[in-house]
Amino acid sequence: MSTTSPDPLAALGDLPGVSDAVDSVRKAVDRVYGHRVMRRRSNEVTAEAALRGARGSAALSGADWNLEEVRRRTDFSGEDEARTIGAALRLTAEAGQLLSIWRQSPLRVLARLHLVAAGGATPDETVGRPRLAGEPVDEPLIEAPVPGADEVSGRLEGLSQLIIAGGSAPALVTASVVHGELLALRPFGSHNGLVARTAERIVLIGSGLDPKSICPAEVGHAEQGRAAYVAAFEGYLSGRPEGMAAWIAHCGRSVELGVRESTAVCEALQRGAA
């Protein structure tokens, strides 16, 4: 976020191509919300979007399971991939419960998300708090250098202040920055990718762009692939305007692909096939 604007998130909305991405996302979201199935069966669409979003987020964290296997499975203990799927499902379920807290205390929400992701299976004093100096980070997808604990603390506080202050930035811009900043910082010892994508979801829901949580960006991130995800994130990490714009556009495309997924769910429900 390399800008001196009093509202740096809003300033990002003026980058070339970002307003087009924002408009495209808004039109896509409006279309799926206008589907006739949403008038009577929106809860079913929400539930299916949550399942598919969790599957997509887990895939990016190395557990790329078939959707039907995620749907069928009841035990997510044991091997690493199963635990990753379980963490993603718990986070998706928790996201909607934290909306009222997010705008007042985002750091509290992030701590809660990490606790939920960890699942409490193994007592660990590092769970639910930002890492301290010298503590390792397990995040295999993101290989960028890990910021030190002092930098993490300062940047988390800055991000928190921006969220609490609000502003005029479009929801897509805010969600993209929250997601990118948490990936850049990797503030916890584990599960940072899952937490970052859940925080993105919380912003999209809480902003009013996707109040029923039927547009799972995680689906789109996974569909575009891990390589594209990392490449777009490197644009965010660069801090250059074109890199930031590319990351926001990537996140916007992910939301649109999530919309496409939920539109297909609506069509299936309308046909009585799902």
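Modeller: Helices are DSSP runs (H or I, at least four residues; strands are E, at least two), numbered from the N terminus. The model is predicted, with local features needing pLDDT of at least 70 and side-chain atom pairs pLDDT 80 or more, while totals for chains, interfaces and linings use all residues. Residues are numbered from 1 along each chain as its sequence is written, and side-chain values use heavy atoms, without hydrogens and water.

I start with the second largest pocket, which holds about 290 Å³ of space. A pocket is an open set of points on a 1 Å grid over the protein atoms alone, with protein on both sides within 12 Å along at least five of seven lines; a cavity is a set where a 1.4 Å probe fits but cannot get out, and lining residues have an atom within 4 Å of a point. Volume is the space filled by probe spheres set on the points, which are joined across faces, edges and corners. The lining of this pocket numbers 17 residues, and R103, G166, T174, V203 and S207 are the closest to its centre. Two or more residues each come from α6 (99-102), α8 (149-165), α9 (171-185) and α10 (192-206). Of these, α10 has the largest share, 3 residues. By class, the lining has 9 nonpolar, 6 polar and 2 charged residues (nonpolar is Ala, Val, Leu, Ile, Met, Phe, Trp, Tyr, Cys and Pro; charged is Asp, Glu, Lys and Arg; the others, Gly among them, are polar).

The structure holds 1 cavity of 30 Å³ or more, and the largest cavity has about 40 Å³ of space. Its lining is R201, L204, I205, D210, S213, C215, P216, A217 and E218. Two or more of these residues come from each of α10 and α11 (217-224), and α10 gives the most, 3 residues. The cavity lining divides into 5 nonpolar, 1 polar and 3 charged residues.

Helix α9, which lines the pocket, also packs on α13: their axes come within 9 Å and cross at roughly 110°. Axes are lines fitted to C-alpha atoms, for helices over the stretch in contact, and angles run from 0 to 180 degrees between N-to-C directions. The two helices are therefore roughly perpendicular (65 to 115 degrees; under 35 is roughly parallel, over 145 roughly antiparallel, the rest oblique). In contact (heavy atoms within 4.5 Å) are L172, V173, S176, H179, G180 and L183 of α9 with W247, I248, C251, G252 and V255 of α13. These residues divide into 7 nonpolar, 4 polar and no charged.

The axes of α12 (residues 226-238) and α13 come within 6 Å and cross at roughly 140°, so the pair is oblique.

Helix α3 (residues 38-60) packs with α13 (residues 241-271) at about 130°, axes 10 Å apart, which makes α3 oblique to α13. M38, R41, E44, V45, E48, A49 and R52 in α3 meet E261, S262, V265, C266 and L269 in α13. This contact divides into 6 nonpolar, 1 polar and 5 charged residues.
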